[in-house]
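Here's a quick tour of a few features worth a look. Have the model open as you read.

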Amino acid sequence: MIDGKKVLFSGMQATGTLTLGNYLGALKNWVTLSEEYECFYSVVDLHSITVRQDPAELRKRARRLLTLYIAAGLDKKKNCIYYQSHVSGHAELSWILNCFTYMGELNRMTQFKDKSSKHADNINAGLFTYPVLMAADILLYQADVVPVGKDQLQHLEITRDIAGRFNAIYGDVFTIPEPYIGKTGAKIMSLQDPTKKMSKSDENPNDSILLMDDKDTIIRKFKRAVTDSEAKVCYRDEQPGIKNLIDIYSTCTGKTPAETEAEFDGKGYGDFKLAVGEAVASVLTPIQEEVARLEKDKAYIDSIIKENADKANYYATKTLRKVQKKVGFPERVR
Ligand code: TRP
């Protein structure tokens, strides 16, 4: 708890280009959640180097992502928006937690298996212990809730196991975090293969809407979206393409899927796809304009980076000192 509020932690990697899926599935909910929780939203750059990165590019993308957090509506006073690499406690706690994590547990992580097959030439130890760093992120702030996608649930589970194990030895040191899975728009699918999640790493540019796509591009991509031959705007599993478009439209307009069905009753896919494109553009355009405006105000963004890194460091150090004491490290002499 911080000031009587429950604590929430989440983070995103600055690799790849953010998509509409990241916005509707995560960022948009983050803004709502910040009303209720004391939130820490990190740009998790330590995680990014588990895969080889171009340094200049990583720096640029990390700054862009942090700016986007703010442009999407996260109030910088209510939320702690910061770079993971600016808080050394993440790496320090991660080391300690490594000593409370079993090889066998990490071996079972499906993301490690996926990533090591994708990057067979660079299966580094960081890729293997990635979930431990993620546990450190969460536990460092004594987070009560963690909004994550389904793909990250296994990592949250191991975080709870590590925290429970540590607490069983040393007493109540860590808050055991709960996953928070959003009700709507949790999962936006690829426009070309609606059985697959829309992803930052999609290869076909028509698969995903990028957060920075302009209106014409957005409309063109929706025109090409895969649907079916039923020609009815119906929300059912048998029509995954249309179902996905209904989800997107509903989330952007605040309507329910049933209201969307009713609105397009008797209309063809052409009309519907155009309406989806327009709804998405009207959500993304203001965010893009805000990013452009903020990017010109370097001093403002820099001040947020500095203030929030200090705030994050304050809370992180509190937990870290407690943990260091518990495991038997000598006290610091002032
Ligand atoms: N691994 C997460 C992802 O790729 C990002 C992440 C890192 C994260 N640390 C976290 C998410 C802590 C939630 C909480 O999506």
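What follows covers a helix pair, a cavity and an aromatic pair.

## Ground rules

This is a predicted model, so local features need pLDDT of at least 70, side-chain atom pairs count only at pLDDT 80 or more, and totals for chains, interfaces and linings use all residues. Residues are numbered from 1 along each chain as its sequence is written, and side-chain values use heavy atoms, with hydrogens and water left out.

## Two helices crossing

Take α12 (residues 269-296) and α13 (residues 298-327): their axes come within 5 Å and cross at roughly 90 degrees. Axes here are lines fitted to C-alpha atoms over the stretch in contact, with angles from 0 to 180 degrees between N-to-C directions; helices are DSSP runs of H or I, at least four residues, numbered from the N terminus. That makes α12 and α13 roughly perpendicular (65 to 115 degrees).

Leu-294, Glu-295 and Lys-296 of α12 meet Lys-298, Tyr-300 and Ile-301 of α13, where contact means heavy atoms within 4.5 Å.

## One cavity

Searching the whole structure turns up 1 cavity of 30 Å³ or more. On a 1 Å grid over the protein atoms alone, a cavity is a set of points where a 1.4 Å probe fits but cannot get out, and lining residues have an atom within 4 Å of a point. The largest cavity has a volume of about 50 Å³, and its lining includes Met-109, Phe-112 and His-155. Helices α6 (110-118) and α7 (125-140) each supply at least two lining residues.

## Aromatic pairs

There are 15 aromatic pairs, meaning Phe, Tyr or Trp (six-membered) rings with centres within 6.5 Å. In one, Tyr-249 and Phe-272 have ring centres 6.0 Å apart and planes at 65 degrees, so the pair is edge-to-face (over 60 degrees). Tyr-249 lies in α10 (residues 240-253) and Phe-272 in α12, so the pair ties together parts 23 residues apart in sequence.

Key: Parallel < 35°, antiparallel > 145°, perpendicular 65-115°, else oblique. 1 Å grid on protein atoms, 1.4 Å probe; cavity = no way out; pocket = protein on both sides within 12 Å on 5 of 7 lines; lining within 4 Å. Points joined across faces, edges and corners; volume = space filled by probe spheres on them. Phe/Tyr/Trp six-rings, centres within 6.5 Å; stacked < 30°, edge-to-face > 60°.
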